[in-house]
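Let's walk through how a ligand sits in its protein and how the protein's parts meet. Please have a look at the structure first.

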Amino acid sequence: MGRLNSLIPTMAKRALITGITGQDGSYLTELLIRKGYEVHGLVRRTSAVQRNRLDALDLTPAQREKQLFLHYGDLSESSGLSRLAHRTQPDEVYHLGSQSHVQVSFESPKYTFEINASGTVRLLECFRDCNKPIRFYHASTCEMYGRPEESPQNEKTPFRPVSPYACSKTASHFLTACYRESYGLFACNGILFNHESPRRGENFVTRKIARGVAAIKRGLQKKLTLGSLETRKDWGYAPEYVEAMWRMLQHDKPDDYVIATGEAHRVGEFVEMAFQIVGLDWREFVETDPAEVRPAEVGALVGDASKAERVLGWRAQTRFQGLVKLMVEAELQALSR
Ligand code: NAP
Ligand code: F7E
């Protein structure tokens, strides 16, 4: 675990990450620290001191001690964000913090908007009149396309959001572009399609399936209960996607980029393949529950990342089958431990 609010030594590049305790924040921290950055992360106060993803980061004790610094704060509070910006003086800001669960956003729409949209303005305001030429990354999402009129979706495809989460992210996407156009801030939106990993939150479908399959295989669980198996998603591998975030901020010009694999698969295909990997027939174990079905589902989302490939030299490497396999194997290993 890094130090909290302690002395900040002078080093090469300095990054500030909101959402550092999340899936992407953890991979990005490893990437930036390997590149020699000093990394500062915003963390919320929680009743448990343990932060699983940060505690398990693949870092040496020296890297933890000298390159990772954690600061308490919350996207709901401007004054703390402003103090943090002032104290850390980052070169690059990666704004990943959000209420990121689409289903939850239907239950808590106002909270979702408050953290995601208003939280982004609060953070942008901290850097609006900053003397230092900082670079700002905002975590946009394919959910903004909602039920799109064209397929695949690229940077020019109109947004038609259908959830409170997607609406909040559409607002923060345009706010980020607004600070770029109006104040000359070097600000980029990464329109990322779904990306997964063994560090994915347990209530997102890929991790839920991988965990369920491993537990069923080991005889610890009998059934796996899911919602719609028909939705199609463009699923990539999270460590590759955080590399794209970094590349956006290293380019000469700030811009918006779609990051995706270009392949879409049904949730049902993920289920079938995950059970196949452990030699079981999914039909014997999967049941569906209408409570898991959302008031509105997005259409078939599949991304065209050709601009990112052309301009940033970024391309997704891990494909669907490889992703399912690595996630199921990680859960089996975790159970063995
Ligand atoms: P995640 O695992 O859910 O992590 C979200 C992070 O935001 C956590 O660190 C969380 O802190 C933090 N956070 C939540 N509310 C906060 C608040 N009020 N103040 C400060 N921090 C707060 O999300 P992820 O999968 O890493 O995704 C990273 C970002 O990309 C998110 O903005 C998400 O909406 C967006 N995105 C994700 C995907 C994807 O497929 N993963 C695709 C497109 C866009 P706690 O640990 O304290 O909860
Ligand atoms: O759902 C269906 C569900 O919750 C994927 C976030 O990172 O990616 C993520 O949002 C699909 C949906 O991810 C269950 O209806 C079926 O169609 O894993 P998910 P998401 O909603 O796509 C986007 C790009 C983001 O930006 C978000 O931050 O799977 N589904 N059964 C289920 N989903 C869940 N969670 N649980 C089920 O039991």
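## Polar contacts of the ligand

In this predicted model, a polar backbone atom of D24 lies 2.8 Å from an oxygen atom of ligand 1, a polar contact being a pair of N or O atoms within 3.5 Å.

## The shell around it

Ligand 1 is surrounded by 26 residues, counted when a heavy atom lies within 4 Å. T21, R44, L96, S100 and Y165 are the closest. By class, the shell holds 10 nonpolar, 11 polar and 5 charged residues, with Gly counted as polar and Tyr as nonpolar.

## Two domains

The domain assignment, automatic or from a database, gives domain 1 (13-196 + 237-259) and domain 2 (205-232 + 264-301 + 318-336). Their centres, taken over C-alpha atoms, are 28 Å apart. Each domain brings 16 residues to the contact (heavy atoms within 4.5 Å).

About 1,300 Å² is buried between the domains, 57% of it from carbon and sulfur atoms; buried area is the accessible area (1.4 Å probe) that two parts lose on being put together, summed over both. On the domain 1 side, Q103, E196 and Y237 supply 39% of the area buried against domain 2, more than any other three residues.

## Reading notes

Residues are numbered from 1 along each chain as its sequence is written, and chains are lettered from A and ligands numbered from 1 in the order in which they are written. In this predicted model local features need pLDDT of at least 70 and side-chain atom pairs count only at pLDDT 80 or more, while totals for chains, interfaces and linings use all residues; side-chain values use heavy atoms, with hydrogens and water left out.

Technical notes:
Polar contact = N/O pair within 3.5 Å; in protein donor to acceptor, adjacent residues only side chain to side chain.
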